[in-house]
Amino acid sequence: MILIATKIIVGIHILIYFGTSLVVCNNDIPFCRKRFNELRENEKDWRNRYLNGEGQNLATLRCEANKEYNYERMCMYKKICFHINKGLPAEPYLLIKSTSEIHAIDLTTPKTTVATQTTNIATLKTTVATLKTNVATLKTTVATLKTNVAILKTTVPTLKTTFITLKRTVAILKTTVAILKTTVAILKTTVTATLNTTVASLNATVAATLNTTVATLKTTVEILKTTGANLKTTAKTLKTTVATLETTVATLKTTVATIKTTVAILMTTVAATLNTTVAATLNTTVATLNTTVVISGLARGRMEIDTVDNNLYIADSNSISRVNLVDMCVEVILQNLSVDDIAVDWIKRRLYWAEYSKKQISVANLDGKNKIVLMNTTSYPSGIAMDPTWRFFFWTEPIAKLVRGIRLAPKYTVMLANRKFSEPYAITVDCTEKRVYWLENEIQSGVDHIVSSQYNGVDQKTIISGLFNDYLLGVLGDLLYFLNNDPFYVNEINISNGNISRNILVDNNSYYNDLVVVHSYIQPQQRMGEL
């Protein structure tokens, strides 16, 4: 009984110890801390033994076996220590920070899939353009029909007026015929009476003349009768024509109304179909990119990676935090700051940050200790970047339109570029090629340019121009990453030939603060080549 009671008490103490430790942080548990430190050392050893100078995996059986063994151990320790990481992809990958989350984007996704998605988007755009053309044609047809109806509306009153005029003419002709008939009757009576009275005194010539006159009058009467009949026929024909035109106008009105309804239905259907298709395509595309929410619940700000210890440094409006990407422990290392950008010296183990409002660039140890002001800038600093192998430090000053650099040891300043018509913002470096890249916004046109030069400012060239996010820029070897503004997608461009090799769609509903390329290759431990 004493033994059982002792076991129960010891078990309760262990549970209390582990339980309270779990609440604070996984790394506070001695077992977890020890195992994760072992894994870090094993990972470093694996990289030294099985990765070549370019960070590429040596495809040997032992290499793959050790990699699989480390992976299995990591999975086991995750379960034991309640590890919260949802799974980072294999290097290389992108970390892109929104206002409240950090997403990991797998760069090992086959580019054929992305190319197919790009083709699908291009096909959709072509379909949309065709539908727009069809709608424009229908609108033109409707406008033409409306014009025809307007012309017919003008013609019908004219025909009606003509018809009324003809009616009046027929009436006048009828009256004239009646008058003529009366005149003829009167003439007949008069002539007969006169003839009866004066027949004896008239000779044969007068009689013949009268007969001829009567015959002529009869002929005139017949002509008038025929003319009246023709006018009646013409009036009937005009009535029929007017009735036909009125029917045609009514039919055209009905047709126009039907076409309007059809166009409205078509436009509604096209809009609904396009929205559904584009939404489905975008959702499918995003779903196939292996994006993972690594960390959530963060404030907006900038970030930088330290591949040596797998730590991610995140700066927000008033502090700098450090997140270990192995055990996901978060610790605040500096407070009461207003940080615009940060940079890591992975060799000297130092952290740099720029404070725009104070016109200062400061430095501290990676744990936040020994904080000092490195320099007071002449204008307001925005983006910063560093090459610890050659001890070069670079920063941008948008208001002054300057890109500056400084060699920390031996110490001297380099003026990379004086951008008279553009404001430079984001900046990054390629330590292997000893080139610096920055993103600038042209003031007059609003166009963004990504520009590159050597560390001393020579060999400046524009990589690409467009509408980009001013603060997202990353480089990995011959590939450059930046965020397109509309629609939102991360571009991967080949620096050598200027071709877009990958489009990675991201959420249009989020605002993105920073982008980091994660690969041990981008942070070499020794100098590459010569200056």
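This is a predicted model: local features need pLDDT of at least 70, side-chain atom pairs count only at pLDDT 80 or more; totals for chains, interfaces and linings use all residues.
1. Pairing of S12 with S13. These antiparallel strands are joined by 4 bridges. Within this pair, Asp387 lies opposite Phe392 of S13. The two strands form a hairpin with 4 residues between them, and Arg391 in the turn has a positive phi of about 60°.

2. Pairing of S13 with S14. Strand S13 (residues 392–397) and strand S14 (residues 402–408) run antiparallel and are connected by 6 bridges. Phe394 stands opposite Gly405 in S14, while Thr396 has Val403 of S14 as its bridge partner. S13 and S14 also form a hairpin with 4 residues between them; in this turn, Lys401 has a positive phi of about 60°.

3. Burial of S13. How many residues of S13 are buried? The count is 6 of its 6 residues, and the strand is mostly covered. In a regular strand, side chains alternate between the two faces of the sheet. In S13 both faces are covered: one side carries Phe392, Phe394 and Thr396, the other Phe393, Trp395 and Glu397, and all of these are buried. Two of the buried residues, Phe394 and Thr396, are also those set against Gly405 and Val403 in S14.

Key
Residues are numbered from 1 along each chain as its sequence is written. Side-chain values use heavy atoms; hydrogens and water are left out. Two strands pair if DSSP finds at least two bridges between them. Buried means under 20% relative accessible area, exposed over 50%, partly exposed in between (1.4 Å probe, protein chains only).
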